[in-house]
Amino acid sequence: MRPEAHAPPPAPEPAGERVATLIAAAAIILGVAARGWAVAHRGSLFLDEASLALNVLSRGFVGLTRPLAWGQAAPVGYLWIERAAVNALGASEVALRAWPFVAGAATLPFTWLVARRIAGPWPAAFATVAVSCSLLGTRYASEAKPYASDALVAIGLAWLALRVLDAGVDAPRARGRWWLLGACGAVAVVVSLPAVFVLGATGVAVGAAVWVWRDAGARRAALACAVAWIAVFAVVWLGGIRGAAHAAYLQEYWAPVMLQPGRPALAARVVRAIGSVAATPLWWEASVAFTLAAVAAWAVGAVRLARRNRVAAVLVVGPVALAAAASMLGVYPLSDRLAYFAAPLGMIAVGVALDAVAGAVGAGPVSATAGGAARGAVATTLRALVALALGAGVGADAWHLIRAPGALEPTHDLFASVAAEARATHEPVYV
């Protein structure tokens, strides 16, 4: 790997960069507002949330380290955050959904920061718009489940890795960044199940750069980080994840989305997994044509990113590749929920592909003799229109949730009707 493999992308035109930044900022504000609205109007917990909440509410911090009841599995760090929120805010839907909302909201600016660093402002704007307007992003930020937290951990670790790469062999700057990456990586393993895939990709990306630097201090720091991550993961794995991964109920429940060779309908499983990574974050229950287009954009963007910045490509694609390998071993299902951790990173690849298409289309209407200002204005206008179209398209799918957040699980109405029937008949009502 050449030393320049981790260099930032070329600087764009200042005017175009300002427009891209404004579009991303608007998308972040709207995305946070949509998530706040969804949290405030989601209503009571649905079955899966309630099953996890029963474990949180009925146990203390120590009890949450033991295998969960009600067919649930979650990282102990996430459970401790939920328990702390309940202790601070009381046992309510708002308390249980507070951390997922914070995580979902924080994911948006981190998407912009990471994507801008490795792909430039316009791909970053496209990625930020896609994540901000996503139905899945809005939904998981308003559910008492760890999926929004997983996405924040993934994009946050990528940001920390990029900060280390930016510092390079500058010891005064790099020392604190290495410590932060090592410590946050160890905490991430406790808080997020798929963090191990992100850390694996991070280790490869950062390790490759450190190998090129040929700096003894950087190599020692990278080795210390790897040892800390592996040690914490070994404790977490032996302490509970291994049992949950091989639990009979969960194995049966997740069997349709495992990629184990030799299982029936393996080709269909692979197609579904690829769609979960590339298409579902953009459109829930996407058509076949849309799924193919999204997968093609993700693949093209990943290839273009690899040609420009191989370290960044490892950070974007590596977690998905490692999750797929774990799924082939039967320990991690690649469903839309459990693949969502990679959505912010995956949307960076999609953003790179959209930027390439917009650049190719924009080059046509502008003659070779036109001035730089004219070409820049056309390119900026076209990219802005692409960003608006992307936001409108992805947001149209999310609008179904924003319009009626409680429609996903109308249990408040159900409970009210059951109570009314019981009062009217003075007889027990069996549900």
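**Exercise 1.** Find out whether Arg97 is buried or exposed, and then which side chain Arg97 meets in a salt bridge.

*Solution.* Step one: Arg97 has 1% relative accessibility, so Arg97 counts as buried (buried means under 20% relative accessible area, exposed over 50%, partly exposed in between, with a 1.4 Å probe and protein chains only). Step two: the partner is Glu49, at 3.0 Å from N to O (a salt bridge puts a side-chain nitrogen of Lys or Arg within 4 Å of a carboxyl oxygen of Asp or Glu). Step three: Arg97 sits in helix α4 (residues 93-119) and Glu49 in helix α2 (residues 47-58), so the pair ties together parts 48 residues apart in sequence (helices are DSSP runs of H or I, at least four residues, numbered from the N terminus). Glu49 is buried as well, at 0%.

This is a predicted model, where local features need pLDDT of at least 70 and side-chain atom pairs count only at pLDDT 80 or more, while totals for chains, interfaces and linings use all residues. Residues are numbered from 1 along each chain as its sequence is written, and side-chain values use heavy atoms, leaving out hydrogens and water.

**Exercise 2.** Work out which residue pairs with Asp166 in a salt bridge.

*Solution.* Step one: Asp166 meets Arg117 at 2.7 Å, N to O. Step two: Asp166 lies in helix α7 (residues 147-167) and Arg117 in helix α4, so this bridge links parts 49 residues apart in sequence. Step three: Asp166 is partly exposed at 36%, whereas Arg117 is buried at 14%.

Terms used
Helix = DSSP H or I, 4+ residues; strand = E, 2+ residues; numbered from the N terminus.
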